[in-house]
Amino acid sequence: LLPILLHFLLLAATPYATLPSVLLVGPSGAGKTALLTLFERGPLSKQEDYESSTEAEKSPSPIIDGSPASALLTHTSQTPAAVELAISDDRSSSFRDEVDTSSGSNARKFLLVDTPGHAKLRRYALSHLTGTASLKSPSTASASFPDSAPKKTKLKAVVFVVDAGALLSDSEALPSAAEYLYDVLLSLQKRMAGGKGSKAPASIPVLVAANKQDLFTAVPAALVKSNLEAELGRIRKTRSRGLLDSGVGADDDVSAREDGDDWLGEYGSEKFSFNQLMEFDIEVDVVGGNVVGDGPGADKWWKWIAERV
Ligand code: GDP
């Protein structure tokens, strides 16, 4: 009887009031919406229906938060689209599995939130990372999640999608992806560094999804990682120039560093590496995959997310 009682006590103590969420960010065209749609269509039967249907039938597909998915394929909207997904209690289910989310099941539900990748609209995604636009606040919630406004959500992880097929073949791709990633990581770093009181904020890990591994131009994950690190290091140097010109150097006291500090990672270090973010309790993983075509697929990303929501 005791274990049963304990079980109920535990359930009562941890009501499932807050829906965990995972934010999808990255440059336009990286494959964020494609990934969201893949995970949303998850169940194999639906997937097969989708694949066997004619082109004409394909377009207005599933209903996501009350609006057709086709509406998600454009990036003109300032508000992100969110889908509710679920993993089995033991976190072993694939995105292809139909997970029982009926009341009484222990499946974990979470929100996957797509954000516009266009440079002018990135502010939106970034504001969620710094907490200035809390996903919990009713005003933003109603604007962002029309149908899920009453639900609270707690940001658990960030997936930064990058087009590994274009990263080195398109000269603009690496600098622009790194520029965005720099802002994402810096926001998370500031969030960790600026935590008030003795309790540090819960850490938010980052998955860099090196997408489009089906393309022959695709750069493998290890190279995506080293290229991003090198580019982030360059950006750090450029951005710190202003800081150094203003007389704030490595030797200056911490208070001078604190306001407007745009230095990512270990202060004063020559080379940037993702490992330097461990100091701020930010884990960064770079994992290759693809949403369409032949390749490793999206299972590893799903697993990464499942372990963190
Ligand atoms: P978003 O702007 O990041 O949301 O990117 P989209 O999801 O709209 O995808 C941009 C384009 O990339 C679309 O034409 C997708 O079909 C394509 N795409 C997405 N993922 C993959 C992939 O893994 N491989 C290939 N070859 N194309 C992909």
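**The contact of α5 with α7**

Modeller: In this predicted model, the α5 side of the contact is made by Arg122, Leu126, Leu129 and Thr130, and these meet Tyr180, Asp183, Val184, Ser187, Leu188, Lys190 and Arg191 in α7. Sorted by class, the residues joining α5 to α7 are five nonpolar, two polar and four charged.

As for the geometry, α5 covers residues 122–130 and α7 covers residues 173–193, and their axes come within 8 Å of each other while crossing at roughly 25°. Because angles under 35 degrees count as roughly parallel, α5 is roughly parallel to α7. The crossing in which α5 passes α7 is right-handed.

Around this pair, the protein chain has 10 helices and eight strands in total, and of its 309 residues, 37% count as buried. Among contacts in the protein chain with a separation of 6 or more, 73% are between residues 24 or more positions apart.

Turning to the ligand, 20 residues lie around it, of which Gly31, Lys32, Thr33, Ala34 and Asn290 come nearest. Helix α2, residues 32–41, gives the most to this shell, with three residues. By class, the shell around the ligand consists of seven nonpolar, 10 polar and three charged residues.

Notes
Residues numbered from 1 in each chain as written. Predicted model: local features only at pLDDT ≥ 70, side-chain atom pairs only at ≥ 80, totals over all residues. Axes fitted to C-alpha atoms, helices over the stretch in contact; angles between N-to-C directions. Helix = DSSP H or I, 4+ residues; strand = E, 2+ residues; numbered from the N terminus. Parallel < 35°, antiparallel > 145°, perpendicular 65-115°, else oblique. Left-handed = near helix turned anticlockwise from the far one by under 90°. Contact = placed C-beta atoms within 7 Å. Nonpolar A, V, L, I, M, F, W, Y, C, P; charged D, E, K, R; others polar. Near = placed C-beta within 6 Å. Buried ≥ 20, exposed ≤ 12 C-beta atoms within 10 Å, placed from the backbone.
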